[in-house]
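Here is a short tour for anyone meeting this structure for the first time. Have a look at the sequence and the 3D view, then read on.

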Amino acid sequence: MLDLLLIQPNSRGPAYGPLAPLAAVEPPVWAGLLATFLLKKGYGVEILDAHALDLSAGQIGQRVADAKPRLAVAVAYGHQPSASTQTMPGARAALQAIWDVAPQIPTTILGGHVSALPERTLQEEPVDFVVEGEGPYTLAALIDALKVGTSVEKVPGLWWKDVDGHPYRNAPAPLVKDLDGEMPGVAWGRLPPVETYAAHGWHALGYDSRSPYAVIYTSLNCVFSCAFCMISAPFGGPGYQKWWPATIGAELETLAVMGVRHVKIADEMHWLDQRHVEGICDEILRRGLGDQLNIWAYARVDTVKRLDLLDKARRAGYHWLALGIESADATVRDGQDKDFSDAQIVKTVRAIQDA
């Protein structure tokens, strides 16, 4: 029996409207990481990327009913790590369709929005359980409980209701500490072919095609506490965990063999630990991948410091850095805890452009 079906909801219509054909189609990186973790623990796992396949809610419900998983999980994360609320309408429609077609299949949901508002999510959405936190250990424990029919009271990181509808919150789940050992990259074999995915138009400027396209993480969470951001909600607060550069290099080499050229590094704050970035660049160059990759990643104005590292990154295939400037107005920036001066911003942008 299939233990777990991870569902990336279809958010094309709700999130992008008539601009949907122009938007990137990104691999569901968090679903792919969860799949890797659970597969390594011996669970039977599949991923249904309804966004990439452009499935309707009814089609999602029918596919879940046909697959008969022990647990169906909506993974509500968007293209940007902290952008998950935009995926909730699609997740709600998918979960409702599963309830309508296969009410006997337990359902749960996880994501940034969910971890920020877990009790509200449990009360508002058509779902049996809610996961607060990263998800890997919670899903493993929940599957174990469902297998033997025991109570879910001991499942860490889980919200659930009793027979009278009262919500309960279990103790938090631990974070995955050994990322390289337990969750070393995305389970690409459980996703549609990389040719299914397409980069942002600007990312592929100068290239004949936006595909194949891949997204990876090299680190999780963020050490900053910007007033408008909830990226740390699934991790219990600000922090920073990273994969070893060798693990990242191996995944990029695998993707290059699959024909991937366009790569997004989805870390909320990739350009933070200069040694980490340099280690990844060294791995890329050592493997001879620099000329094969077109990478973009996130950075902050005050974390782009070493000009020599910018030069090395360009040789390693970094073509774009996306800066969270937020506004051209200093008053707005101050209100969002982004007190960069105009001079700082111009200096950083010019340095990146020069590299």
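Is Val 130 buried or exposed? Val 130 counts as buried because its relative accessibility is 0% (buried means under 20% relative accessible area, exposed over 50%, partly exposed in between, with a 1.4 Å probe and protein chains only).

## Before we start

This is a predicted model, where local features need pLDDT of at least 70 and side-chain atom pairs count only at pLDDT 80 or more, while totals for chains, interfaces and linings use all residues. Residues are numbered from 1 along each chain as its sequence is written, and side-chain values use heavy atoms, with hydrogens and water left out.

## Around Val 130

Val 130 belongs to strand S5, residues 129–131 (strands are DSSP runs of E, at least two residues, and helices are runs of H or I, at least four, numbered from the N terminus). Setting aside neighbours within four places in sequence, Val 130 touches Thr 108, Ile 109, Val 114, Pro 118, Thr 121, Leu 122, Gly 157, Leu 158 and Trp 159 (contact means heavy atoms within 4.5 Å). Then there's Arg 169: 39 residues from Val 130 in sequence, and 9.4 Å away in space, C-alpha to C-alpha.

## The seven-strand sheet

S5 is one of 7 strands in an open sheet, ordered S2-S1-S3-S4-S5-S6-S7, with mixed pairing (two strands pair if DSSP finds at least two bridges between them). At the edges sit S2 (45–49) and S7 (167–169), each pairing on one side only. From one strand to the next, the twist averages 20°.

Now zoom in on S1 (residues 4–8) and S3 (residues 71–76), which run parallel and are joined by 4 bridges. Across from Ile 7 you'll find Ala 74 in S3. Helix H5 (residues 88–101) packs on the sheet, where H5 touches S1, S3 and S4, and its direction makes about 170° with that of S4 (angles run from 0 to 180 degrees between N-to-C directions, and axes are lines fitted to C-alpha atoms, for helices over the stretch in contact). Helix H2 (residues 29–40) lies across S1, S2, S3 and S4 (107–111), running at about 170° to S2.

## Helix H11 and its partners

Helix H10 (residues 245–257) packs with H11 at an angle of about 40°, their axes 8 Å apart. That angle is why H10 is oblique to H11 (under 35 degrees counts as roughly parallel, over 145 as roughly antiparallel, 65 to 115 as roughly perpendicular, and the rest as oblique). H10 brings Pro 245, Ala 246, Ile 248, Gly 249 and Leu 252 to the contact, and H11 brings His 276, Gly 279, Ile 280, Glu 283 and Ile 284.

On to helix H12 (residues 307–315): H12 and H11 (residues 274–286) pack at about 35°, with axes 9 Å apart. The H11 side of this contact consists of Gln 274, Val 277, Glu 278, Cys 281, Asp 282 and Leu 285, and the H12 side of Leu 309, Lys 312, Ala 313 and Arg 315.

## A covered strand

How many residues of strand S12 (residues 294–299) are buried? The count is 6 of its 6. Asn 294, Trp 296 and Tyr 298 lie on one side and Ile 295, Ala 297 and Ala 299 on the other, so both faces are covered. S12 pairs with strand S11 (residues 262–265) in the parallel sense over 4 bridges, and His 262 has Asn 294 of S12 as its bridge partner.
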